[in-house]
Amino acid sequence: MLLRTCALQITRTCPPLVSSTSSSSLGTRHASSKSKSKGKAQETGPKEHNKPKEKVVSTASLIPGSKQPITDAAALEEYAKAEATMRTAVDWFRKECAAAESRASGRVTPAILAPVRVKLPGSDNTVALEQAATVGVRDGSVLIVSVFDESYSIKQVEQAIYDAKIPHVVPQKTDGRTIKVPIPKPTVEARLAEYTAQQRKVEDIRVQIRKAFQTSVKRGKYGKHSIELSEFQKLSDRHISDVDQILASLKKATGSR
């Protein structure tokens with residue numbers, strides 16, 4: 001009876017024993033889960049750390065296609081030809097408008113007779129008036145034309161002044177070598193006529209510029225989006241803009257609307 005009581009007391013006071021097998025299996029699972037999580041951390045860490053950075057490329061040194069120059073030698077030569085043709089047309093129109101402005105403003109200068117072209121003897125070719133005669137001013141209102149080249153007759157020079165069709169300019173022969181050209185004070189109608197006459201000429205100049213552009217592009221066979229075509233187009237636009245500015249300046253000077 002005493003032994004049974006002691007055994008019962010021992011059972012109540014001592015904790016239950018855990019088998020070594022179960023504790024070792026728990027430890028193994030816990031260690032494996034730690035190793036797996038550690039392995040995942042090691043896998044993700046180096047990949048993110050070793051990822052190559054994207055190289056940033058600067059565009060500061062890049063030249064847009066619209067600003068790239070022509071480098072082809074043949075295209076450069078063609079460009080120079082087109083530019084010379086366009087410049088000649090613009091310069092001629094500038095002189096015409098300068099003479100028209102002088103007449104419209106009432107200033108009597110030799111430039112008034114700048115449009116006059118004298119035919120060469122026995123030929124259809126013409127030369128500027130200053131190559132056949134000198135032009136001076138008398139009393140501030142009269143132009144004096146003196147023929148110095150004996151190969152040109154006074155009649156040829158007189159006819160050339162008529163043929164120039166300068167508004168309100170009527171030559172008067174005084175002797176065998178001299179022509180007098182009185183210049184009247186311009187009226188409002190006269191100033192408007194000067195502007196209108198140059199306005200009719202401006203479209204012909206634009207046509208000459210566009211024709212030079214088209215001829216050069218056709219000869220060079222430049223592509224639709226080529227640098228050459230872009231540069232030739234800008235050249236044409238620039239000269240047409242110059243013509244428009246010259247006409248606008250004359251319009252302002254003559255008071256035309």
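First, the ground rules. The model is predicted, so local features need pLDDT of at least 70 and side-chain atom pairs count only at pLDDT 80 or more, while totals for chains, interfaces and linings use all residues. Residues are numbered from 1 along each chain as its sequence is written, and side-chain values use heavy atoms, with hydrogens and water left out.

Let me start with the overall layout. The chain has six helices and six strands, where helices are DSSP runs of H or I with at least four residues, strands are runs of E with at least two, and both are numbered from the N terminus. Read from the N terminus, the order is α-α-α-β-β-β-β-α-β-β-α-α. Of the 257 residues, 29% count as buried; buried means under 20% relative accessible area, exposed means over 50%, and partly exposed is in between, with a 1.4 Å probe and protein chains only. The chain exposes about 17800 Å², and carbon and sulfur atoms supply 56% of that area. The areas come from the Shrake-Rupley method with a 1.4 Å probe, and for residues only the protein chains shown count as cover. As for contacts, meaning heavy atoms within 4.5 Å, take those with a separation of 6 or more: residues 24 or more positions apart account for 62% of them.

Now the strands. Two strands pair if DSSP finds at least two bridges between them. Strand 3, residues 133–138, and strand 4, residues 142–147, run antiparallel and are joined by six bridges. Arg138 has Val142 in strand 4 as its bridge partner. On its other pairing, strand 4 meets strand 6 in the antiparallel sense over five bridges, and there Val145 is partnered with Ile179 of strand 6. Strand 4 is mostly covered, with five of its six residues buried. Strand 6 also pairs with strand 5, antiparallel, over two bridges. Gln172 is partnered with Lys180 of strand 6, and strands 5 and 6 form a hairpin with four residues between them.

Next, backbone angles. Most residues other than glycine have a negative phi. Asp139 has a positive phi of about 60° although it is not a glycine. That residue belongs to the hairpin of strands 3 and 4, which has three residues between the strands. Asp139 counts as exposed because its relative accessibility is 71%. Lys221 lies in the loop between helix 5 (188–220) and helix 6 (227–254), and is exposed at a relative accessible area of 74%.

Two residues in the helices are worth a slide. Leaving aside neighbours within four places in sequence, His239 is in contact with Glu83, Met86, Arg87, Val90 and Ile209. Thr85 is in helix 3 and counts as partly exposed, at 45% relative accessibility. Thr85 and Phe213 are 128 residues apart in sequence and 9.5 Å apart in space, C-alpha to C-alpha.

Last, the largest pocket. A pocket is found on a 1 Å grid over the protein atoms alone, as an open set of points with protein on both sides within 12 Å along at least five of seven lines, and lining residues have an atom within 4 Å of a point. About 370 Å³ of space lies in the largest pocket, the volume being the space filled by probe spheres set on the points. It is lined by 15 residues, and the closest to its centre are Trp92, Lys95, Glu96, Ala114 and Arg117. Helix 3 (73–105) and helix 5 each supply at least two lining residues. The largest share, six residues, comes from helix 3.

Definitions and conventions. 1 Å grid on protein atoms, 1.4 Å probe; cavity = no way out; pocket = protein on both sides within 12 Å on 5 of 7 lines; lining within 4 Å.
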